Amino acid sequence: MKWNQTWKKASLLAITAVMGTALAGCGTTGSSVSQAANGKTENSGTLVVYSAGPEGLAKKIEEGFEAKTGIQVEMFQGTTGKILSRMEAEKSNPVVDVVVLASLPSMQSMAKDGLTLPYTGAPNSDKLVKDWSDPNGNYFSYSASALGIVYNTGQVKTPPTSWADLAKPEWKDKVNIPDPSLSGSALDFITGYLSAKGDNGWSLFEQYRQNGVAMAGANQEALDPVITGAKDVVAAGVDYMAYKAKADGEPVDIVYPAEGTVISPRPAAIIKTTKHEEQAKQFIDYLLSDDGQKLVAGAYLLPGRTDIQAENRTNLADIPTYPVKWDWMDEHGEEVATRFTGLYQ
């Protein structure tokens with residue numbers, strides 16, 4: 001899957017050429033060059049970060065990083081699809097320094113096509129879940145979410161316990177699923193499921209459509225009707241959203257099917273055209289630091305570091321997962337998204 005084809009039919013060759021040559025104009029206005037204490041030349045000015053994920057977490061990371069380093073951050077927060085579309089729109093004058101996505105295959109594609117700047121030896125990178133990050137430092141999955149069955153506790157007394165349950169008659173017209181063309185985590189779930197099940201896995205999604213499962217926008221748009229009671233269940237619901245809604249007093253809870261689910265890592269990368277390399281590295285350092293990881297855990301996400309546990313949610317070791325094939329997911333993401341959305345046309 002090319003890094004932006006699934007979201008918006010972008011020209012990878014065009015953006016690769018631009019990002020390889022158009023260094024001028026990549027930074028923010030008013031930047032100046034200063035000499036770092038370690039002798040390296042670094043750029044001062046505002047660090048531009050595009051971040052998918054909880055808006056509250058992105059804001060706390062921004063504030064914590066600024067307080068710790070004195071570096072100012074300009075943050076754009078949106079879904080993975082919106083971020084990649086924005087990067088495509090800015091391809092003639094790229095401005096972003098650091099990108100955080102909610103889809104590991106999308107980031108893998110960007111790294112394969114040379115759009116990321118490797119950062120080797122980042123502090124605490126050796127403590128990250130190895131399968132989620134690049135050994136050459138092209139991206140670092142500082143957090144993750146798991147996909148589950150989110151249900152309205154006021155309307156559902158006996159929650160479904162497997163993905164197949166949602167194709168049964170008792171759930172007809174009561175289930176939402178996020179749109180994989182808008183949600184990176186939904187695309188991860190669908191491609192991950194298929195990578196584990198093979199082509200026969202399509203039968204589940206075809207049964208979903210026949211049973212009235214509705215494709216309902218990105219993650220929050222799929223969850224909101226379940227919170228209000230207009231729907232009973234979200235299939236492939238993002239768990240941190242469910243945990244937060246529950247903590248806020250909403251009538252929702254989540255089940256991870258015993259047969260397995262898909263974890264959706266959230267990788268961060270420095271973009272190759274950055275003019276703020278040293279500040280960008282410091283931002284990665286902060287994401288992987290004790291302080292950054294505590295913010296992740298506090299936002300109901302899975303910490304990327306294996307030595308830090310969350311206290312307010314199910315941790316990674318207790319979530320049954322499918323043996324997904326990340327390379328397959330990367331290669332087949334576009335065709336899977338097209339076929340899946342085609343079921344609903």
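Mentor: Accessible areas come from the Shrake-Rupley method with a 1.4 Å probe, and for residues only the protein chains shown count as cover. By that method the protein chain has an accessible surface of about 13,900 Å², with 49% belonging to carbon and sulfur atoms. The model is predicted: local features need pLDDT of at least 70, side-chain atom pairs count only at pLDDT 80 or more, and totals for chains, interfaces and linings use all residues. Residues are numbered from 1 along each chain as its sequence is written, and side-chain values use heavy atoms, without hydrogens and water.

Trainee: What makes a residue buried, and what percentage of the protein chain is buried?

Mentor: Buried means under 20% relative accessible area (1.4 Å probe, protein chains only). Of the 345 residues in the protein chain, 58% are buried.

Trainee: Why is a set of residues called a nonpolar core?

Mentor: The name applies because its members are buried Ala, Val, Leu, Ile, Met, Phe, Trp, Tyr and Cys residues joined through side-chain atoms within 4.5 Å. The largest such core holds 78 residues, and F205, Y208 and I284 touch the most other members. A second, separate core has 20 residues, including M107, L115, Y139 and A269.

Trainee: Which residues of the lining of the second largest pocket count as nonpolar, polar or charged, and how many are there of each?

Mentor: Ala, Val, Leu, Ile, Met, Phe, Trp, Tyr, Cys and Pro count as nonpolar, Asp, Glu, Lys and Arg as charged, and the others, Gly among them, as polar. That lining divides into nine nonpolar, two polar and one charged; V129, D131 and T261 are among its residues.

Note on methods
Buried < 20%, exposed > 50% of the residue type's maximum accessible area, 1.4 Å probe, protein only. 1 Å grid on protein atoms, 1.4 Å probe; cavity = no way out; pocket = protein on both sides within 12 Å on 5 of 7 lines; lining within 4 Å.
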